[in-house]
Structure formats: structure tokens, C-alpha cells
Amino acid sequence: MDVRAQVSMVFHLDKCIGCHTCSVSCKNVWTDRRGAEYMWWNNVESRPGTGYPTLWEDQEKYRGGWEKRGRGLELRLQGRAGSFANLFFNPYLPTLDDYYEPWTYRYADLFAAPPGDDQPTARPISQITGKPIDIEAGPNWDDDLGGSAIYAAGDPSLGKLSEEERSQIFALERIFCFYLPRICNHCLNPSCIASCPAGAIYKRGEDGIVLVSQEKCRAWRMCISGCPYKKVYYNWESGKSEKCILCYPRVETGQAPACFHSCVGRIRYQGVLLYDAGRIEEAANAPAERLVAAQREVILDPSEATVVAAARRSGVPDAMIDAARKSPVYRFVKEFRIALPLHPEFRTVPMLFYVPPLLPVVAFAENGRKRLAGDFFSSLESARVPVRYLASLLSAGNETVVTEVLTRIMAVRIHRKAKTVGEEVPGEAERALSRAGISSREAEEIYRLTSLPAYEDRFVIPPAARESAIESFEDPFAAKGETGIGFLRRRKGGKGR
Amino acid sequence: MTEFLFGSFPYAAVLLAVGAGVYRYFSDRFSYTSHSTQFLENRWLFWGSVPWHYGILIVLLAHILAALFPGAWGLLIGTPARLFIIEATGLALGLLALFGCALLLARRLLRPRLLAVTTAMDWIILLVLLLQVASGVTIAWKYRWGSAWYLHTAVPWLGSLVRLRPETAYVAALPAVVKFHLVNAFVLVALLPFTRLVHLFTIPVSYAWRPYLLFFWNRRGPHPAGDGK
Ligand code: SF4
Ligand code: SF4
């Protein structure tokens with residue numbers, strides 16, 4: 001067992017209000033500079049929708065992620081030989097027009113305009129050329145289902161639905177909308193790393209954060225196609241690829257990443273997961289319907305003695321193991337089993353997890369009057385967000401997995417309703433819980449962690465302070481000796497602890 | 001003049017290239033990039049970059065191989081038929097590169113987005129490259145069988161340069177356009193480390209064998225995935 005630690009996250013989609021505070025705080029901290037204006041390391045998409053960049057999920061177009069070939073996995077983009085042949089021109093690279101041309105306004109015009117009958121206007125100008133432009137698209141052009149006929153209708157995940165289901169979704173009665181915040185998934189089997197010819201992208205062994213070395217990147221731009229989530233961006237000014245760094249300077253000092261910290265809906269949770277690095281390939285290569293299960297198996301139980309011993313052996317610091325034991329992510333993913341990875345069928349084993357939204361069940365019209373569908377469970381098929389849609393988003397099409405999760409969340413809801421306002425039908429709550437296979441104590445815990453978590457429950461970040469943080473990443477004695485001397489480069493092959 | 005251009009300038013150019021290249025690599029590695037503009041402009045780039053790279057790389061390789069192994073090259077062009085095929089291929093590839101290079105230049109001029117990211121050095125290097133390819137194609141057309149006479153003029157001259165005893169007599173009597181091609185080649189060498197052309201030295205050969213996943217440890221050094229380290 002080769003145990004490593006991963007800083008991982010959960011997004012509780014039922015709580016996201018689509019306010020974009022996360023995106024804005026990320027932008028203000030990291031990408032508010034020339035060449036990076038169009039980058040949204042964190043973005044929030046309306047679903048159904050085509051997302052950002054447009055149609056990023058369409059791998060026929062962008063060739064991101066892995067696909068099964070023979071008994072193994074190969075990059076969907078190209079083999080190694082193909083990489084060399086395509087160095088001069090990457091046929092699947094998204095271009096600026098798949099995102100949008102960044103712009104600002106010529107505010108000076110407001111002041112410089114001569115007196116006249118009309119209000120002066122500030123013309124939009126391109127942040128690349130500085131010339132006036134007509135704005136044609138932006139990072140959230142289809143926010144809140146704006147322009148759904150074009151955008152939402154093009155959502156690749158709707159492709160799995162029947163024609164009838166699709167037309168029903170867009171009927172006013174049934175229309176649904178939820179938000180999907182996305183950052184880099186800091187995958188276990190990252191195709192961005194695999195597709196980089198220069199070897200500039202790497203995963204940190206200590207915490208699983210995936211980074212692009214700015215010194216090694218040579219702008220071969222294969223990672224941009226290679227990442228199926230389109231979370232590597234090309235800086236057109238510096239000629240380097242950039243991506244979400246999970247705010248490692250913050251995480252290393254015990255602070256939550258900017259997007260997590262600022263989340264208004266408090267939908268985000270962060271904690272440590274221990275995983276078996278020897279089984280990554282097995283998890284990535286599982287048959288589609290077993291992808292979620294296989295990923296759950298790679299994540300190890302931090303309270304098991306054998307796991308802890310193995311973690312110590314491979315040098316995971318005690319602070320990390322400790323954090324893993326208290327990890328809210330572990331609870332959501334493994335104990336409660338209500339958080340799922342986004343598009344596991346891309347086979348990168350993404351390490352961000354989503355609790356699917358539980359929108360109300362559709363109302364039925366009877367003699368011009370509406371009433372809600374009575375029994376939730378027997379009418380999951382008529383849930384407003386079709387199970388099949390969620391399955392194609394969160395479980396590689398396996399509807400059983402999604403149904404299980406929804407049943408569990410709904411049981412918690414019925415259980416809480418019974419506790420606070422009483423039961424409509426006697427025994428309702430108990431039946432719901434037993435159908436979902438959870439005890440009332442578990443239901444209570446899910447409820448607490450969902451609705452009433454304190455900051456410390458949501459963010460269990462291993463090193464709480466800089467002084468002790470150093471222990472999880474470096475040898476404190478070496479750090480002490482080197483601090484202030486300004487060693488920029490370490491001796492090759494230097495050994496820690 | 002001949003002494004300077006063919007006797008001293010090549011050394012100056014190579015020294016400058018190596019010195020400045022190494023200095024840049026160690027002091028500003030961040031700037032070592034091909035600085036691709038495909039993200040800003042896709043369509044013209046295809047018709048420019050692909051013919052350019054394939055054309056120039058093969059022709060350049062032929063120049064280098066012939067200079068390194070003149071004997072083998074001499075055998076290769078030994079029969080008229082083979083000589084003809086090689087000459088024709090060379091000319092075709094040269095024209096391909098010329099077309100690509102001209103398009104790359106035009107594209108930067110005509111697309112405002114690209115104009116915004118083009119530096120003075122980009123213009124200079126593109127122009128010098130264009131001149132180099134244009135003079136090369138002219139030579140191939142006007143002074144046929146260069147693949148043969150190259151072996152008795154420029155190659156021994158290059159050899160004398162390597163032996164540190166430059167013999168400019170080998171090239172002194174060549175036509176002006178050939179001389180230009182030779183001098184301009186060393187101008188290119190001199191300019192190399194000051195331009196984005198440095199990406200020539202960063203061709204990612206190790207991608208052919210390195211493991212797909214890369215795990216880096218702060219203290220342990222890099223290890224491929226799943227090796228138990
Ligand atoms: S989501 Fe992040 S780690 Fe995964 S492939 Fe994309 S850039 Fe790489
Ligand atoms: S800040 Fe939180 S609630 Fe607001 S959009 Fe982002 S994830 Fe959703």
C-alpha cells in the first residue's frame with residue numbers, strides 16, 4: 001500500500017446560490033493581470049448549460065482526458081508520437097474565441113466628452129488590442145439560463161436524455177436550474193500532466209496539488225486540450241500555461257483557498273483524503289459503471305491501523321493523518337456516500353466531489369390545479385432534475401449511484417421534517433431512513449454537517465500555523481539553517497527527514 | 001572584408017549565441033518558451049506553421065548531415081537520378097518553408113490581436129529567417145546541384161572553422177547570393193538566444209520515454225507514479 005495524502009474538497013450543490021463571489025475573489029487574488037484576464041480558475045456555471053469555455057465537456061471537440069484502448073488507458077488527445085507531430089499546430093486547441101475576448105471600458109470618455117444632449121458612454125475596448133470591440137461573449141453569457149434556447153439546449157449531458165425528456169425540461173413548468181462551481185480537480189490520474197511534452201506539470205506528493213512549473217513550460221499547449229475540464233489556461237502574454245494552484249500559499253499556512261474562504265453559500269468543504277497511489281490506474285481503468293465505486297475504494301480509511309502505519313511508512317506527516325481523520329470530505333464521500341466526482345468517465349480520477357442538488361419533485365396538474373407528487377421515492381423518475389442528467393454529470397451514467405445518493409439526502413430531509421414539524425404519515429421518517437439504509441444518528445450527522453457546520457468543521461486544513469506547517473513539507477532543521485541565506489536551488493537528491 | 005565575414009564573424013556569432021544562451025537559460029529560464037500564438041489565431045497559423053516547420057527542419061537537417069558526413073552524402077548523390085531527386089525535394093521543401101514563413105509574417109501584420117503580442121525581436125527574426133529561406137531557394141534555382149558543390153565549398157570552409165584555422169578561400173569566389181546565405185546563417189546563430197527561437201533547444205525529447213504521471217516531492221526529488229517511492 002503506497003499511501004499518500006490529498007487535499008480534497010466537496011461542493012454541496014443544494015447550497016450554491018450562484019453569486020460568483022468565489023470566482024471574483026479568485027480573480028482578484030490570482031488572475032487580475034495581463035494575459036490572464038480571460039482565465040477563471042474558479043467559475044460557476046448554470047446547468048443545464050454549455051459552461052466555460054463553451055462546450056468544454058464535448059471531448060469529440062477538445063479530446064481531453066483518457067480513453068480505454070486495449071487493456072490500458074491512452075490519452076484521448078494523441079499518443080506520444082502524435083505529440084511530436086502536433087507540436088507546431090495542435091488541432092484540438094480551444095482558441096480565445098471559445099472563451100471570450102477580454103475587455104474593459106474607456107472610462108476616460110465619460111469625463112472627456114464635450115457637453116451635449118446625450119449621456120456620454122464608455123466604449124468597450126479589447127484588453128488585448130486596446131481597440132474598441134463589440135462584445136460577443138463573456139464568461140457567464142448563459143448565467144441563470146439566459147439564452148437557454150442556444151446555450152442550455154447545447155449541454156452535452158442532455159444528449160443522454162430522450163427527445164421527449166429534453167423538450168419537457170424546457171417547458172416552463174418543469175424548467176430547472178442549478179449552479180455548478182468548478183475549479184481544477186487536482187486529479188489522481190491527471191491527463192494534463194500526461195499530455196505535457198515538456199514535463200512541466202506535476203502533482204505534489206505531499207498534498208496532491210497539481211501545478212504548472214512556469215520555468216519548464218515551453219508553450220507546447222497540449223495540457224490545454226489534455227485537461228477534460230478545461231482548467232489549464234494559456235497566458236497569451238507570457239506564453240505559459242497556468243492553472244488553479246489551490247491557493248497553495250494559503251493552504252500551506254493553514255488558510256482555506258480564496259474561493260472556499262469567501263463562499264457565501266458556505267457550500268464548500270475542505271479536508272484531507274488518504275489514497276493508495278498504487279491503485280490509481282486500477283481506479284481510472286474501471287468499467288464505466290464501476291468508476292465511482294472504484295474511486296471510493298482508492299480512498300483509504302484513516303482510522304484503520306494498517307492504513308495509518310502504511311501512511312507513516314511512506315512519510316505522510318502525523319499532522320496530515322490527523323487531519324484525514326477529521327476530514328469533512330471523507331465523511332461526505334466515504335461515510336455518508338452522498339458526494340460524487342464530476343464526470344468520472346474522463347478517467348482522470350478527479351478529487352473534487354459534489355453533493356447533487358435535490359430540487360423539488362415536479363408538480364402535477366389536475367383540473368387546472370397543481371399538487372406536488374406525493375411519495376418522493378416512487379417518483380424519483382419525475383424529479384425535476386432528471387436522474388439521468390445527474391448521472392451523466394456525476395456518475396458516468398450510472399443511475400443507481402445517483403438514485404442512492406438522492407434517496408439518502410431525501411431521507412435526511414424527511415427525518416428532519418418529522419423532527420421539526422411532525423410527520424404527515426406516521427412512520428414516514430423511519431421508512432425513509434430504512435429505505436436509504438442510514439440510521440437516524442447518521443441522518444442527524446449529515447444534517448449537521450450540511451446545515452450547521454462551523455468554519456472549523458468545514459475546513460480541516462492540516463497545518464494550522466506557519467511554524468508547524470513547515471513540518472509537513474520540510475525538515476525543520478534544514479529550513480532553519482537555510483532561512484535567510486536565500487538558497488534558490490536545492491542540492492539534487494537531497495533527502496528529507 | 002572576406003576575412004572578417006568568413007574568418008572572424010562566425011566565431012563571434014557562435015560565442016555570442018552560446019554565451020548569451022547559457023546566461024539566459026540560467027538567469028531567466030522563465031523566458032525559454034516557444035511563445036505560441038495559436039491561442040489567439042488558429043486558421044492562418046495552420047497554413048503557416050506546419051509547412052514552415054516541416055520544410056525548414058528537413059532542409060536544415062540535410063545541411064547539417066551533409067556537413068557532418070560529406071562522404072556518405074557524396075555516395076547518396078552519387079547517381080544523377082538520386083542527385084535529381086534530392087535537389088527537387090530540397091527545392092520543394094524550401095518553397096514550402098518560404099510559403100510558411102511569409103504567411104507567418106503576414107499573419108502578424110494583418111491580425112490586430114497578434115500585432116499586440118509581437119515584439120521587435122519577433123519581427124527581426126522573422127525577417128532574417130525569410131531572407132535566409134528566400135536566398136536558399138534562389139540558390140537552389142539559379143545555381144543547380146548545390147547538394148554537390150556544397151561539399152567542395154561551404155563544407156570544407158565550415159570544417160576549417162571547426163579546426164580553428166579558417167580558410168576563407170573555399171568560399172571567397174562564390175556568387176554574392178551564396179555568400180549572403182552563409183553570412184546570414186551566422187547572423188541567425190547570433191540572434192538565436194535573443195529571440196523565441198530558443199525553443200529549438202527545448203524540444204521535449206524525453207517525452208518519448210518518461211512516465212505519463214509525474215509526482216514531485218519537496219524533499220525527495222521527482223518520482224514517477226506508482227513506483228512505491
Ligand atoms: S482538472 Fe486539474 S488536475 Fe485534472 S486534468 Fe484538469 S488541470 Fe489536470
Ligand atoms: S461563492 Fe459559494 S455560493 Fe456563491 S457561487 Fe461560489 S460556490 Fe456558489
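## A five-stranded sheet

In this predicted model, chain A has an open sheet of 5 strands, and the pairing in it is mixed. Reading across the sheet, the order is β13-β12-β1-β15-β14. The edges belong to β13 (299-300) and β14 (340-341) of chain A; each has a single partner strand, so one side of each is left without a neighbour in the sheet.

β14(A) is joined by 2 bridges to strand β15 (residues 352-355) of chain A, and the two run antiparallel. Here Pro341(A) stands opposite Phe353(A) in β15(A).

## Met9(A), a residue in β1

Strand β1 of chain A covers residues 3-12, and Met9(A) is part of it. Is Met9(A) buried or exposed? Its relative accessible area is 0%, under the 20% cut-off, so Met9(A) counts as buried.

Which residues does Met9(A) touch, leaving aside its neighbours within four places in sequence? Its contacts are Ile183(A), Leu246(A), Phe260(A), Tyr269(A), Gln270(A), Val329(A), Met351(A), Leu352(A) and Phe353(A). Met9(A) and Met320(A), 311 residues apart in sequence, have C-alpha atoms 15 Å apart in space.

## Around the two ligands

Ligand 1 has a shell that includes Cys184(A), Cys187(A), Cys192(A) and Cys227(A), and also His186(A) and Lys243(A). By type, this shell divides into 8 nonpolar, 3 polar and 1 charged residues.

Around ligand 2 there are 14 residues, of which Cys16(A), Cys19(A), His20(A), Cys22(A) and Cys263(A) come nearest. The shell of ligand 2 is made up of 9 nonpolar, 4 polar and 1 charged residues.

Notes. Residues numbered from 1 in each chain as written. Chains lettered and ligands numbered in written order. Predicted model: local features only at pLDDT ≥ 70, side-chain atom pairs only at ≥ 80, totals over all residues. Heavy atoms only, no water. Near = heavy atom within 4 Å. Nonpolar A, V, L, I, M, F, W, Y, C, P; charged D, E, K, R; others polar. Helix = DSSP H or I, 4+ residues; strand = E, 2+ residues; numbered from the N terminus. Buried < 20%, exposed > 50% of the residue type's maximum accessible area, 1.4 Å probe, protein only. Contact = heavy atoms within 4.5 Å. Pairing = 2+ DSSP bridges.
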